[in-house]
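Please look at the sequence and the structure below before reading on.

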Amino acid sequence: MSRPVLAGRVAPLGTTVFSEFSALALQHGAVNLGQGFPDFDGPEAVKEAARTAITEGVNQYAPGIGLRALRVAIAEHSARFYGQQVDPDTMVTVTSGATEAILCVLLGLVDPGDEVVLFEPFYDSYDANIGFVGARPRYVPLRPPDATHATWWFDRDEVRAAFGPRTRLLILNSPHNPTGKVFTREELEFLGGLCAEHDARVLSDEVYEHIVFGPARHVRAATLPVFADRTVTVSSGGKTFSLTGWKVGWFIAPPALNDAVRRAHQFVTFATATPLQVAMAAALRLPDAYFQELSTAYHARRERLLAGLTRAGLEAHSPEGSYFILADISGQGHGDDVAFCRHLVTHVGVAAIPPSVFYGPEHRHLGRGFARFAFCKTDAVLDEAVRRLEEGLAPPR
Ligand SMILES: Cc1ncc(COP(=O)(O)O)c(C=O)c1O
């Protein structure tokens, strides 16, 4: 008998839904509103800073914890936008994207058999990484807006029931992918209270921190007293600067937590691309106008796609943040979200993502009535997608 090729920790994982639908999009010449990367470029000054760094020979390993210049820029950004004072030497670490930071938080703070509470639908790497460290996910579904809730919401009793003596970590993501929910201060305080009661730590994934639409406001969880000592804030420059391919991210945490996560980081990637760190420091120091224009431009794209989806017969709740819209497809008559998205990419020529894959098995059915559309695309691409949807979708039943 030969040994199995796959290790147990990867055996349950298939190819990510993004690879599958991107391949289908290519094969069928579909407009890709599936994967969440902008089809426009980042700021010229930031790209120029990277080119200069490469030309000037900043091309060898950076310190494992990140270039000091970038760590200082991250600390200044936290102070500028959130009034959060962080020590760049003991509280900030640079990683290869938020994705690496998420894995390192799990490796550094969670033991096998511990429980991790997370909301569904979730960003898919959370679930895989919980599996990698041998921990147990405790899922809490976010519920769609209804007559009494203007935005996606959670049932406080369900969250309470998910916490227990084995809870080691809560994963928060606000602004939230894929619902676009921005957690309010009050919701965060409730969640922080539960973490304090159970002595749980918090991973706060804030990669969409600058893509928020008023009146919603992004609250950095770590600035609330209940979170301050227990939270690792994770972010990156990918979404904020439309440079997702650079994979420069970071985590910010009190020194003891930072040290725990750094221990993992030093043996995961050790260091992140040096010239891109130089450029990311320049990006984080862009004037306030850059950040305002980013959310203004995304607001216009959100409105454009929402109006188009409505014309095509797809109802959608307006997201408060992030660059995703979850559209209601339950009246489309294709069974579930996976079948609908397959039909969409092959027959209508538009790629979207079926969100049921962002749920655990117990609540998967809750995602089946939705499709996720990304609006981080140029107007021409959004318009073409809408044209195809209007032409190709049957009028709702
Ligand atoms: C919620 C969330 N967290 C993390 C990431 C990954 O960020 P990065 O590209 O910096 O690794 C993404 C990317 O889509 C995301 O949506």
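The following text treats the ligand, the pocket and the cavities in turn.

The model is predicted, so local features need pLDDT of at least 70 and side-chain atom pairs count only at pLDDT 80 or more, whereas totals for chains, interfaces and linings use all residues. Residues are numbered from 1 along each chain as its sequence is written, and side-chain values use heavy atoms, with hydrogens and water left out.

**The ligand**

The ligand is surrounded by 13 residues, each with a heavy atom within 4 Å of it. The closest are Thr99, Asp205, Tyr208, Lys239 and Lys247. By class, this shell holds 5 nonpolar, 5 polar and 3 charged residues. Here Ala, Val, Leu, Ile, Met, Phe, Trp, Tyr, Cys and Pro count as nonpolar, Asp, Glu, Lys and Arg as charged, and the others, Gly among them, as polar. Helix α4 (residues 97-109) gives the most to the shell, with 3 residues.

| Residue | Polar atom | Distance |
|---|---|---|
| Ala98 | backbone | 2.8 Å |
| Ser236 | side chain | 2.7 Å |
| Lys247 | side chain | 2.7 Å |

On its own the ligand has 400 Å² of accessible area, of which the protein covers 93%; such areas come from the Shrake-Rupley method with a 1.4 Å probe.

**The largest pocket**

The ligand takes up the space of the largest pocket. On a 1 Å grid over the protein atoms alone, a pocket is an open set of points with protein on both sides within 12 Å along at least five of seven lines, a cavity is a set where a 1.4 Å probe fits but cannot get out, and lining residues have an atom within 4 Å of a point.

The largest pocket holds about 1200 Å³ of space. It is lined by 49 residues, and Thr16, Phe18, Tyr123, Asp124 and Ser125 are the closest to its centre. The elements giving two or more residues to this lining are α1 (17-27), α4 and α5 (124-132), and α5 has the largest share, with 7 residues. The lining comprises 24 nonpolar, 16 polar and 9 charged residues.

**The cavities**

How many cavities of 30 Å³ or more does a search of the whole structure find? The search finds 2. The largest cavity has about 40 Å³ of space, and its lining includes Leu172, Ser204 and His218. The second largest cavity has a volume of about 30 Å³. Its lining has 8 nonpolar, 2 polar and no charged residues, and β5 (167-173) supplies the largest share, 3 residues.

Note on methods. Polar contact = N/O pair within 3.5 Å; in protein donor to acceptor, adjacent residues only side chain to side chain. Sits in = over half its atoms within 2 Å of the grid points. Helix = DSSP H or I, 4+ residues; strand = E, 2+ residues; numbered from the N terminus. Points joined across faces, edges and corners; volume = space filled by probe spheres on them.
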